[in-house]
Structure formats: C-alpha cells, structure tokens
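Hi,

Here is the structure I promised to pass on.

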Amino acid sequence: MSHTKYFTIVTYGCQMNQHDSERLAGQLKSIGYEYTEALSEANFVLVNTCCVRESAEKKIYGKIGELKTLKASNPNLIIGITGCMAQKDREKLFEKAPHIDLVLGTHNVHQLVDLVKEFEQTKDRVLSVWDEAERLAPDVPTIRKGNISAWVPIMYGCNNFCTYCIVPYVRGRERSRPVADIVKEVHQLGLEGFKEIILLGQNVNSYGKDTDEFGDFADLLAAVDKVETIERIRYMTSHPRDMNDKVITVIKNSKKICEYFHLPVQSGSNTILKLMNRGYTTEYYRELVAKIRTAMPHASLTTDIIVGFPGEDDKHFEEAYDFIKEINFAGLHVFPYSKREGTKAATMPNQVDESTKKKRVHKLMSLSQELELDYMNKFVNKDLDFIAETYENGYLVGHSSNYLKIKAKGKEEYIGKMLNITIKNIEYPYCISKINL
Ligand code: 5AD
Ligand code: SF4
C-alpha cells in the first residue's frame with residue numbers, strides 16, 4: 001500500500017487567487033504531500049474561493065456540497081477552505097458545511113503548514129482568519145503552474161472602496177512588496193526558464209503609495225524592465241484614475257513591457273461612475289485613452305464593464321454602450337451587477353431587475369465580439385512578436401505582445417521562444433499566423 005499523501009486544490013477567481021494556490025501547493029509539497037488532479041485520489045482537498053459575485057459563491061457552495069459525498073466514502077479526507085469566501089464567511093462555513101476541517105483566511109495563506117500539522121495531530125477543526133494582514137507576508141515555497149509565464153505579486157489589498165466591490169473587505173488595505181524583493185524574484189524566475197512575468201495587484205497603479213520607501217509603479221516597471229533574464233512583462237489590474245503619463249512613458253520606452261492596457265472603466269455614464277465611487281469621469285477616461293494611443297498607436301485596450309448597477313436606467317446604459325463603441329476597445333469583460341452584503345451599493349435604491357441585467361449583458365457581449373474582431377482584423381498582414389505557450393495538433397498556441405491569441409504552424413521545440421510572426425487570417429478567437437524564421 002502506498003503511503004504517499006495526495007492533495008488537490010480547486011481554485012476559483014482572479015489571478016491573485018490562482019497565485020495563492022501556487023503558494024499553498026508549495027507549502028503542502030514541503031510537508032510531503034504530492035499533487036493529484038483527481039479529487040477521488042486526494043487525502044486533502046483545498047478549495048480556494050472567490051466572492052466577487054454571487055454566481056461564484058453559488059458555484060463554490062455547490063462544489064463544497066459535492067465534497068460531502070466524497071468524504072462520506074473517505075472519512076479521512078481533509079477538507080480546507082481558503083480565499084475570499086473563507087475570509088468573509090469564517091465560522092459560518094462550518095455551520096453551513098460541517099464536513100469542512102480547515103478554514104484559512106486570505107491573510108493566513110503562509111500558515112498552512114502549521115495548521116495542517118495541528119489538524120493532523122488533534123483532528124479538531126481549525127480556523128485561522130485574521131482581520132488585518134501583516135505588513136509583509138512571509139515567504140513560502142511556491143510551485144508554479146506552467147513554465148513560461150509566472151505571476152509575481154507586487155502589492156496586496158485595495159483602498160478604493162468602489163461601492164459595489166467586496167475586495168477591500170476581504171483582501172485588506174494596500175501593502176506593497178519591496179522593489180528589491182520583486183526584482184530578485186523576477187530575476188530568479190528568468191534563470192529558471194520563465195519567459196514572461198505578470199505583475200499582480202488589485203490596483204497596480206497604487207504601487208508604493210502606502211510607503212515612501214519604494215517609488216511608484218512607473219519606477220517599479222522600469223526596474224523590472226532592466227532584469228535581463230526575462231523577455232516579456234505584463235501587469236494587472238490597473239485603475240484608470242491612477243494611470244499616469246510616467247507609466248505610459250516607461251511602457252512606450254520599453255521593449256519588454258506589453259502594449260496591452262486593461263483599464264476597467266466599469267460604466268460609461270458619469271452619473272453611474274459617481275455612484276460607483278470610481279473617482280474619474282468619461283471625459284477623463286477619453287483623454288487617458290488618447291494619451292495612450294498617441295504614444296502607442298497599436299496598443300491593445302480592454303476593459304471591464306458592470307451592467308445593472310443600482311440606478312442604471314436605459315439612458316445610462318445607452319450612454320455606456322455609445323462610450324464603449326466610441327473608445328473602440330479591443331475587448332470587454334461584461335459583468336451583471338451582483339449585490340454584495342456589506343458594500344455601499346447593496347443598500348442603494350433603484351436596484352435593477354435580473355432580466356434587464358441579462359439583456360444588457362447580452363447586448364454588450366455581442367458588441368464585444370464585434371470590437372474584438374475589428375481589432376484582430378487590423379493586424380492581418382502585420383508582423384508581431386509571439387511566445388508559444390502550448391502545442392496543439394501541429395500548431396503553436398500563445399499570445400502576441402499586444403495579447404492577441406495566436407495559432408501558428410511550427411515545431412514543438414519553439415515553445416517558450418520569442419518568435420516573429422505575420423498574421424495571415426482570423427479564425428476567431430485565433431489569429432492564424434506564419435512564423436518568420
Ligand atoms: N458585481 C459585478 N461585477 C463586479 N466586479 C467587482 N465587483 C462586482 C460586483 N459586485 C467586477 C468589476 C471588476 C471585475 C474584476 O469584477 O468589473 O473589474
Ligand atoms: Fe474592487 Fe475597485 Fe479595488 Fe478594483 S479598485 S478591487 S473594483 S474596490
């Protein structure tokens with residue numbers, strides 16, 4: 001009989017959560033657990049949760065329900081819940097799902113080893129959820145998914161309190177990591193063979209504002225740009241209010257930082273933007289986009305939009321629709337507003353009914369596809385840089401530097417290499433391309 005203990009992690013939500021899972025996996029491996037894809041094989045299942053929208057929560061509670069059946073057939077199975085829902089719901093999770101053994105908050109990721117050991121010894125349920133984070137989370141072993149692109153957190157938390165958003169409540173106040181630590185990690189990842197770095201933060205443009213030790217986001221980008229072991233740099237997510245000329249200039253002057261701007265506008269109506277507490281107007285946003293396009297005419301610009309925010313009537317929605325068309329984004333992420341208990345917007349009057357939200361989502365999704373295709377078509381017969389990430393049926397698949405999805409015939413050994421390509425035609429969602437050798 002094998003004595004190997006297996007773990008699996010089911011992850012929901014944003015890139016920060018995905019990266020937390022890599023830090024959780026690293027810790028479990030350090031105490032002898034091996035990773036398995038198969039839930040049925042696992043001795044330990046960790047669910048890393050998200051609560052940004054109710055739909056995510058429902059899905060996760062469904063998954064937790066499924067685990068109850070699994071535990072019935074394997075009573076020694078350890079079940080842990082971590083991430084944003086663990087931070088928010090805490091003891092309530094034990095009440096709702098008595099088969100849970102471990103609850104770990106977002107500020108407690110680094111404690112996993114101690115808590116698992118504690119549980120293994122006592123077999124008593126363990127809960128560790130701090131209200132506030134330490135200034136700097138201690139380093140833990142990390143096992144990264146993939147070997148081409150690596151996430152590197154640069155800051156944790158958010159201070160913005162957009163009125164719809166639960167994130168500031170479950171991820172705490174902004175804490176920036178020291179520049180030196182980030183640069184060292186990026187350099188090391190390059191040595192390990194990673195080609196691309198994605199700098200992560202809830203609002204990367206706020207980097208360094210919580211201290212006067214590290215400079216600002218533009219300074220950080222410039223520092224990471226100098227790391228020779230890395231070929232490509234991306235970052236997410238930006239707040240339009242805090243995006244500035246200095247950042248635009250650093251990106252324009254860099255060969256490695258992608259000309260890819262994901263700038264969540266959230267609404268195209270000034271009335272709604274104000275209710276959302278976004279801190280900018282459509283006029284400001286328009287000007288920001290003009291600056292970016294003047295500096296980098298081919299830059300890709302994408303956005304997030306929430307529809308059905310409380311008070312959004314047909315006129316506000318039409319304004320938003322027209323604004324999105326005018327800006328001519330390369331793509332949109334559209335979300336129906338989801339009421340989050342404890343946020344300001346949850347108690348605002350004029351909540352919008354679900355069927356209206358659905359219609360609006362639908363309208364914007366078809367607009368998004370049109371815009372995406374327009375943007376892709378602009379690059380037919382143009383040359384771009386491309387890093388292949390996977391190999392599928394004779395095709396290399398990955399992203400261009402402006403984040404188009406690329407498919408190109410080529411050899412498997414080109415995976416991870418920076419290649420020059422010419423886009424030949426579009427087969428949505430891919431740009432079919434030819435490699436220029
Ligand atoms: N309802 C719908 N969408 C939301 N987002 C954040 N909070 C909510 C909410 N309560 C969206 C925003 C954000 C993206 C990550 O999720 O558009 O940019
Ligand atoms: Fe939420 Fe706004 Fe912070 Fe983004 S910037 S995480 S939307 S509060």
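Before the details, some ground rules: this is a predicted model, where local features need pLDDT of at least 70, side-chain atom pairs count only at pLDDT 80 or more, and totals for chains, interfaces and linings use all residues. Residues are numbered from 1 along each chain as its sequence is written, chains are lettered from A and ligands numbered from 1 in the order in which they are written, and side-chain values use heavy atoms, with hydrogens and water left out.

**The six-stranded sheet**

Let's start with an open sheet of six strands in the order S2-S1-S3-S4-S5-S6, paired in parallel. Strands are DSSP runs of E with at least two residues, helices are runs of H or I with at least four, and both are numbered from the N terminus. Two strands pair if DSSP finds at least two bridges between them. At the edges sit S2 (33-35) and S6 (126-128), each pairing on one side only. Neighbouring strands here are turned by 20 degrees against each other on average, direction ignored.

Contact means heavy atoms within 4.5 Å. Angles run from 0 to 180 degrees between N-to-C directions, and axes are lines fitted to C-alpha atoms, for helices over the stretch in contact. Helix H2 (residues 54-73) lies across S1, S3 and S4, and runs at about 170 degrees to S3.

**H1 and H5**

The axes of H1 (residues 15-30) and H5 (residues 112-122) come within 9 Å and cross at roughly 50 degrees. That makes H1 oblique to H5; under 35 degrees counts as roughly parallel, over 145 as roughly antiparallel, 65 to 115 as roughly perpendicular and the rest as oblique. From H1, Leu24, Gln27, Leu28 and Ser30 meet Leu112, Val113 and Val116 of H5. By class, this contact of H1 with H5 has five nonpolar, two polar and no charged residues. Nonpolar covers Ala, Val, Leu, Ile, Met, Phe, Trp, Tyr, Cys and Pro; charged covers Asp, Glu, Lys and Arg; the others, Gly among them, are polar.

**The three-stranded sheet**

There is also an open sheet of three strands, in the order S7-S10-S11 and with parallel pairing. Its edge strands are S7 (149-153) and S11 (232-236), each pairing on one side only. The twist averages 25 degrees from one strand to the next. S10 (residues 196-200) and S11 pair over five bridges in the parallel sense, and Ile198 has Arg234 in S11 as its bridge partner.

**H11 and H12**

H11 (residues 282-295) and H12 (residues 314-327) pack at about 15 degrees, with their axes 11 Å apart. The two are therefore roughly parallel to each other. Thr282, Tyr285, Arg286, Val289 and Arg293 in H11 meet Phe323, Glu326 and Ile327 in H12. That contact of H11 with H12 divides into four nonpolar, one polar and three charged residues.

**Ligand 2**

Which residues surround ligand 2? They are Cys158, Asn160, Phe161, Cys162, Tyr164, Cys165, Val167, Pro168, Gln202, His239 and Arg278, where near means a heavy atom within 4 Å. This shell around ligand 2 has seven nonpolar, three polar and one charged residue.

Cheers
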